[in-house]
Amino acid sequence: MVLTIDTSLLTGFYQSRLGLGASAAAPRSPKVAPTAPWTKPPTPAEASASVKTALTGKRLINENAAQLDLAGASADYRKLFALYQGLTTLSGVAEQMRNKGLTSFDTSRIQATFAKGMAEVTGYVDTLKLEKLRVAQGEAAASVKTTVPVAKTKTDYVTPPLVSGSSTDLVPAFQGNVNFTISIKRVSTIHNVQIDLAGMGVQPRSMANVVTYINDQLTAAGVDTRVATQRTAGLPRTVEAGGKTVTLGPGPDQWALKVKVSIGETVTFAAPATAGAVYMAQTVGNPDPDGKPATNDDATQRQMLKFQTDTATVEAPAQKAGEANWVEGRAFVQALGPQVKAVHDTKVGADGSVYMLADVTAKIEGQGLRGKQDVALLKYDPAGKLIYARTLGAGDNATGLALALSADGKIAVAGAVTGALNGAVEGPLNSGATGSFATQSDSFVTLYDAEGQEVWTQRRGARQADEASEVAFGADGTVYVQGRAQSGMPGSTAVGGWDSYVQAFKVDATGKVQTLFTHSFGTTGSDRPAGLVVDGSSLVTASVDDGRAVLRRFDLSGGTPVLSATRDLGDLQGGEITGLALDGGEIVVAGSTRNAALAAGTVTRAHAGGSDAFAARLSAGLTASAGDRLAYYGGTGDDRATSLAVSGGQVWIAGQAGTDLPGQPAVGTKDGFLTRLDVAAGTIDWSRRFTGKDGRAAPTSIAIDPVGASVLDRIGLPKGTLDLSDSARITAVSSARAGDQFTIKAGEGRAQTVTITENDTLDTLAHKIRRAAGFQAKVTLSIVEGVRRLSIAPLNDRMILEIGPGKTDKNALAMLGIPEGVVRNTDVVDGKSVPADGKGMLYGLGLPSDLNLATDQELAHSLSQLAQAMGVIRTAYKDLVAAATPKSAQAATTAAAAGKVPAYLSNQIANYQAALNRLTGG
């Protein structure tokens, strides 16, 4: 028989023989402070009773209930204990969200109780008066800084790594015919510098040699811009051997090309030979690796790809070392980051830039989110480098479904939003975040200027859910939107079920956005809009009406839509329409169907079986014409089209393959495909089948640049002008929206509100903060790692600043990265940081006012913050006790705890240890 004995008993024996207790204070000294409530935590029954009381609406903080077991103790202890017990109860309320079997009523009651409790804590702390210390709800800091990613103007552009090893190694990308032009504009003069590596003769085309050659050409042209090498040091490598991790030497260095743009110069790249390019967004990976839908093990990722579609004038891109899932023609693949949940639309601008509309669930490019999901407009250069990200700033949940570009560079995005969207003009039935229908999704459309700065946002909502899924520009700048709603949109009458609608927005002479019309249409069944194009003074729409593919043409010449033609293509038999385009006076529509006999004209390529992709060319007037053509694409399995793009008369379709495809053998488990169809002839002009992570690839959107591919792709340089600057507007580079607020209070003065406007920059915001603080705040701007920061500190040691949140759903602090709390100067006394104003110690609880229980993540965050706040109170209590303990008692306790163990006790402990070893077999 083996006995186990807690060896800490030996330590207890030693302490008891010396007269020491377990606490830091010597028990023989007089009691100097009341016993803290956390020394004897509440029993489960007591804790449950406190939570039940709170759920009935009773207050959490009760000073009269805080027990003090020391007569004459400072009232500070009672107030701290009351606050601590209130936070303990609030934490218990939050823990109720983890109970199983909660009804919607239970969840709502818990969340409401928590919100009420947080408001009670805020009110109590705001009015809390203590004798020997001070407590603030937020953080306590010497200064605070913004985290808004306002970047200074860049002067460098760095390509992806082109070679591994040494700068003297041959670079594969530089071999063959490498010929391009660097145009450098200085003031009004443009210097065209021709770069043809054939001019190097037999000299090896290494990084070092090519950089020297290019710089020689730039020098000869009399410009200051230069190129250089960018080295990334190789990292140590590890391998598993014999069950152990073995660290090897560092891997090879990687070398990229850096373009160093001189101040006052603008750099543009161009190649004499170009080819067509397709940009694609896709999802790769397994959404359910363990085969159990109930588990959250999604392993999917989002990617951006570029394909070169012909090689007649430009050499085909080659596979790079270690590049997985490569397919012929792929120029690059770019990971979009784990925060990108989906990409719904992709467009190519006139300058070759690539715009993507994505849903994001976490911070992107330094921009934090207000809610669970937001919309992000992402702009990339043709080489795949991100130029900027623009987040919508939705308070709860937003999805971006449609994207359009105007001829003058403006961008329109449309989608659905739930909860607050500050600064958005709302329709008469719109609920915002506080109305009767706040849980329903509303349609929104946002217009950005050519710099990606928001011009206006319109939000229109029905009493039930609605969303905008298509957007297009008219020649005069009018923005047209198509969407669907479960009830009548403002200004229109519902037909039944989910109905389609079209709307138009235009800015009047005063700069105010006008809603020109709203028109609903459809069937009494479930209808789904699927395409919108502007044809002169008409709109053409595509929708799936109760399962049938229907096109409509509306005449707008009278100012409001008048239905002029309808064309029913037939039952899609479970399929869908994925795109609509206008090309050369014809309408092109694409989608998926099991129907081998759609009413879309002469079939030029037959249905192969199962579900096939299809594309049709029809008369723009929607009347049946002898020239109407229909082509199917697919194999005998179920193939699905997910996107359509039309350029220069060429029709491109991307989607997901079923089993077999014409001339394209399977690669993975669920492959993607990209094909160019000649619908009139029924021929396949170009096609690729490809896979991704876990043998799965699912394209979601494509865009075409007919001259987008060139030798520049091999080098990692973008065609066009380098865009190295970004907007300085706070509302452009963060999720902050016009109308967001925070407060600042200097000393005993009144809190003043600082409101963000659409044109605010860090410079204008700094001025607003100084004014709001009565010029008692020192506000400075600095550049840290290439990003401009704004910092706030008190003007002098006597001053304390309090920074508070804005109103509900208008809190700018989180978007700016400024914490709630107090800002004060500090001194160091006896090795401890203390307030410089000489008053009581200031403790920041670090409790943000917007804590909530909306999601599992928010619940975990709230519990963590509450635990931290309770820890701060324990620290404050400990400091009070230390201050009240006579120095003689402190010295005695310290000496006793650190003193040498007497010899007789050492012998007895050794005997006990020997006996313990025999009993336990040690």
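How many salt bridges does a search of the whole structure find? The search finds 33. A salt bridge here is a side-chain nitrogen of Lys or Arg within 4 Å of a carboxyl oxygen of Asp or Glu. I'll come back to several of those pairs.

Some ground rules. This is a predicted model, where local features need pLDDT of at least 70, side-chain atom pairs count only at pLDDT 80 or more, and totals for chains, interfaces and linings use all residues. Residues are numbered from 1 along each chain as its sequence is written, and side-chain values use heavy atoms, with hydrogens and water left out.

The overall picture, then. The chain has 922 residues, and 50% of them are buried. Buried means under 20% relative accessible area, exposed means over 50%, and partly exposed is in between (1.4 Å probe, protein chains only). The secondary structure comes to 12 helices and 53 strands. Those are DSSP runs numbered from the N terminus: helices are H or I with at least four residues, strands are E with at least two. The C-alpha trace spans about 105 × 75 × 75 Å along its principal axes. The accessible surface is about 41100 Å², and carbon and sulfur atoms account for 51% of that. Those areas come from the Shrake-Rupley method with a 1.4 Å probe; for residues, only the protein chains shown count as cover.

Now contacts, meaning heavy atoms within 4.5 Å. Take the contacts between residues at least 6 apart in sequence: 62% of them join residues at least 24 apart.

Side chains of opposite charge can pair when their charged atoms come close. Start with Asp-535 and Arg-553, whose closest N and O atoms are 3.0 Å apart. Asp-535 sits in strand β30 (527-535) and Arg-553 in strand β32 (548-555), so the bridge ties together parts that are 18 residues apart in sequence. Arg-553 is buried, at 14% relative accessible area.

Next, Glu-576 and Arg-640, with a salt bridge at 3.4 Å, N to O. This pair links distant parts of the chain: strand β34 (576-583) holds Glu-576, strand β39 (640-647) holds Arg-640, and the two residues are 64 apart. Glu-576 is partly exposed at 24%. Arg-640 is partly exposed too, at 37%.

Then Asp-705 and Lys-719, with N and O atoms 3.0 Å apart at the closest. Asp-705 is in strand β43 (697-709), while Lys-719 is in the loop between α6 (712-715) and β44 (720-721), 14 residues apart. What about cover? Asp-705 is buried at 5%. Lys-719 is partly exposed at 21%. There is also a network of salt bridges linking Arg-186, Asp-224 and Glu-265.

Next slide: helix α5. It has 15 residues, 207-221, and reaches 21 Å from first C-alpha to last, close to the 21 Å expected at 1.5 Å a residue. The expected span is 1.5 Å times one less than the number of residues. Which α5 residues are buried? They are Met-207, Val-210, Val-211, Tyr-213, Ile-214, Asn-215 and Leu-218. These buried residues pack against β6, β7, β8, β9 and β12. After the helix comes Gly-222, with a positive phi near 80°.

Val-239, Val-246 and Leu-248 make a nonpolar patch of about 200 Å². Patches are made of residues with over 30% relative accessible area and no salt bridge; like charges are joined within 9 Å, nonpolar side chains (Val, Leu, Ile, Met, Phe, Trp, Tyr) within 5 Å. Val-239 is in strand β10 (236-241), and it is partly exposed at 36%.

Ser-487 lies between β27 (479-485) and β28 (499-507). Ser-487 is buried at 15%. Its side chain reaches the backbone nitrogen of Gln-464 at 3.0 Å. A polar atom of that side chain also lies 3.4 Å from the backbone nitrogen of Arg-463. Beyond four places in sequence, Ser-487 contacts Ala-462, Arg-463, Gln-464 and Ala-494.

Last, Lys-693, in the loop between β42 (683-690) and β43. Lys-693 is partly exposed at 28%. Where does it reach? Leaving out residues up to four places away in sequence, Lys-693 touches Val-284, Gly-285, Ala-299, Gln-301 and Asn-325. Lys-693 and Asn-325 are 368 residues apart in sequence, yet 7.9 Å apart in space, C-alpha to C-alpha.

How values were computed: A polar contact is a pair of N or O atoms within 3.5 Å; within protein, one must be able to donate a hydrogen and the other to accept it, and residues adjacent in sequence count only if both atoms are side-chain atoms.
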